[in-house]
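Please keep the sequence and the coordinates in view while reading.

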Amino acid sequence: MRDTVTPTHCPYCALQCGMNLTPSPDGSTVEVSERADFPVNRGALCGKGRTAPAVLSSGVRLTSPLVRSEGGALVPASWEEALGRVAEGFGRTRAEYGADALGVFGGGGLTNEKAYSLGKFARVVLGTSQIDYNGRFCMSSAAAAGGKAFGLDRGLPFPLEDIPRTGCVILVGSNPAETMPPFLRYFTELRENGGTLIVVDPRRTRTAEHADLHLAPRPGTDLALALGLLHLIVAEGRTDEAYVRERTAGWEETRAAAMAHWPEYVERITGVSVPELREAVRLFCEPEAAMVLTARGPEQQSKGTDTVGAWINLCLATGRAGRPLSGYGCLTGQGNGQGGREHGQKADQLPGYRKLTDPAARAHVAEVWGVDPDSLPGPGRSAYELLDALGTDIRSLLLMGSNPVVSAPRAAHVEERIRSLDFLAVCDVVLSETAALADVVLPVTQWAEETGTTTNLEGRVLLRRRAITPPAGVRSDLEVMHELAARLGGERNLEKGFPTDPEEVFEELRRASAGGPADYSGITYRRLAEENGVFWPCPASEDPGTGVHPGTPRLFLDRFATGDGRARFVPVAHRAIAEEPDDEYPVLLTTGRVVAQYQSGAQTRRVDELNAAAPGPFVELHPRLAERLGAAEGEPVAVVSRRGRAVAPARITTAIRADTVFMPFHWAGEGRANTLTNPALDPTSRMPEFKACAVRLEAVRP
Ligand code: SF4
């Protein structure tokens, strides 16, 4: 037990709010209090952050490994037995089917140290190419579009503090009032400073209530909306010709594509009127500086990369990228959604945001790892494709920090695939719906019980500190990998390559990332503690003035990260969603979150206060749809798609379009929204189309 106040960060979303933790007298739990010195949230926390310790001491916390008994039940076991079973299960699969029959599925909530170690564990210990993570379902379309346009993707290429000082923000498909409430103050301050906020969302969300202009397009049509705005920008002579000439390439083709999207045509596709389009253009173009911020709305589509690209094109045509107080940014969702994608748990990447197919990157990382570059596997399947291959090509799976039975698209199918595995091992804090299907469950430490780094949505690397002693019986994910490396490495002594001390792992990560796009080599735990975080890239090379690199809060001010320093326009055209409504399925479904729950709810559904505020799923629908259905407020409604059926109480509101219903996705059971969602994938990012699919509604009579 420690008796000091420990400054640290919230375990949940990408804002990574600062908080102080004070252990209880017996050291068994911690109390959260305000930490005003961290600039991102300045002490403010949402209910999830305030109540986060409740999960650690809850009665459902796992404190012993569980193994599947001969009778089929999960029963407590020693660590020795549990780890032995994992090694045996994985060893059997590898011997029978080869290394690529082993799968690894990570999470955007894992610390940088864990994400780094997991990628190394998959490629060095297991020798498999089959690793990906749930962050693929989060921001991969924005990452792909940012990479194409700017040569580098970092969620926000500027700090949050720039937002209140810009002139206009277009917030596309993001609802921070529910997902990260302390973030809303940046928009309040923006408006107090005379700036304007435009919210693009099919629902009049609590965030949209704060907007100067709310555009409510039909789900899946925001690519057309961006093209319509660009058309008007060109037609009204609002492009920044000098900027386009000097700092970009590829404008003519993009301009031609936009001019084919007449405002009246865009109005027919999106449902957003021409006067609304004109007003948005005026608000966006009149100030000297402006930003576009996207989140899951435009990104979780089977054309997510092109949709984000269309919004980036808008920024480039108006000179709004790589300039002070202007730019395009993606609001990452998960706690370490940013860092989690930089250090090697993504199917196609090595630490430092390096490409797995780049021979120089392979050579550099292989040297740090002490292995032959030729021994490193190539890229594997993307997250949904990996889950879809379970039980066929992939026979055994190690899952860390994810709950795909609730969070994956076409969830009933994914659950069936998981059930068909030869062997499943899950590391988790509680018995999630996915862990409940495992052959072995390994109880692990979390957040206040361990030290590690995360990278928030600004690209600011942060230090989370251990504040309490973990309960007896749990181990860290790093210890699990260390132990499994010892058991699966044969004669190779691989456990030595998997330190259990997070700082030691970070020191190796620094070397592995050195010289890469996400260069952490100049960042140390000491600096993170002293400086309240450091923005990457931060190379180790010494600055003549200060002796250390200061980090890079703002990217692209002088040049973009492309070969010639110019940003690239990427021409895009409107196309329909993968599954348009028809006579059988005439309504659109879109999904999202509520303020009191987080992601699959594995943790927040175990907190009484949060459950009282958000006890279960619901179907939000317009009064006209409800009337046609004969459904009253609170009555159960069945939502049916080509993939299954979900039932939840009706919540009737005029805040949603009459052709669309909304369901939050935090729950399992009959109200599981992801039973319905469509796994149609974006061809570039491999992002599934969570945000729009065709459904029909059925009244449920008692
Ligand atoms: Fe935690 Fe996000 Fe809430 Fe902040 S906004 S307290 S980081 S869940």
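Two strands are said to pair if DSSP finds at least two bridges between them. Strands themselves (E, at least two residues), like helices (H or I, at least four), are DSSP runs numbered from the N terminus. The model is a predicted one, in which local features need pLDDT of at least 70 and side-chain atom pairs count only at pLDDT 80 or more, while totals for chains, interfaces and linings use all residues. Residue numbers start from 1 along each chain as its sequence is written.

With these terms, strand E8 (residues 168-172) is joined by 4 bridges to strand E12 (residues 291-294), and the two run parallel. Within this pairing, Ile170 has Val292 of E12 as its bridge partner. Both strands belong to an open sheet of 5 strands in the order E10-E9-E8-E12-E13, with parallel pairing. Strand E10 (213-215) and strand E13 (327-330) form the edges, each pairing on one side only. From one strand to the next, the twist averages 15°; axes are lines fitted to C-alpha atoms, for helices over the stretch in contact, and angles run from 0 to 180 degrees between N-to-C directions. Helix H14 (residues 304-317) packs on the sheet and touches E8, E12 and E13, its direction making about 170° with that of E12. Contact between two residues requires their C-beta atoms, placed from the backbone, to lie within 7 Å.

Gly452 stands opposite Arg464 in E20. The hairpin has 4 residues between its strands, and Gly459 takes a positive phi near 85°.

At the level of domains, whose bounds come from an automatic or database domain assignment, the protein is divided into domain 1 (66-137 + 336-446 + 474-514), domain 2 (140-330) and domain 3 (587-699). The C-alpha centres of domain 1 and domain 3 lie 31 Å apart. Between these two domains, 19 residues of domain 1 are in contact with 21 residues of domain 3. Helix H16 (383-388), helix H17 (404-407) and helix H18 (411-419) each supply at least two residues of the side of domain 1 that touches domain 3.
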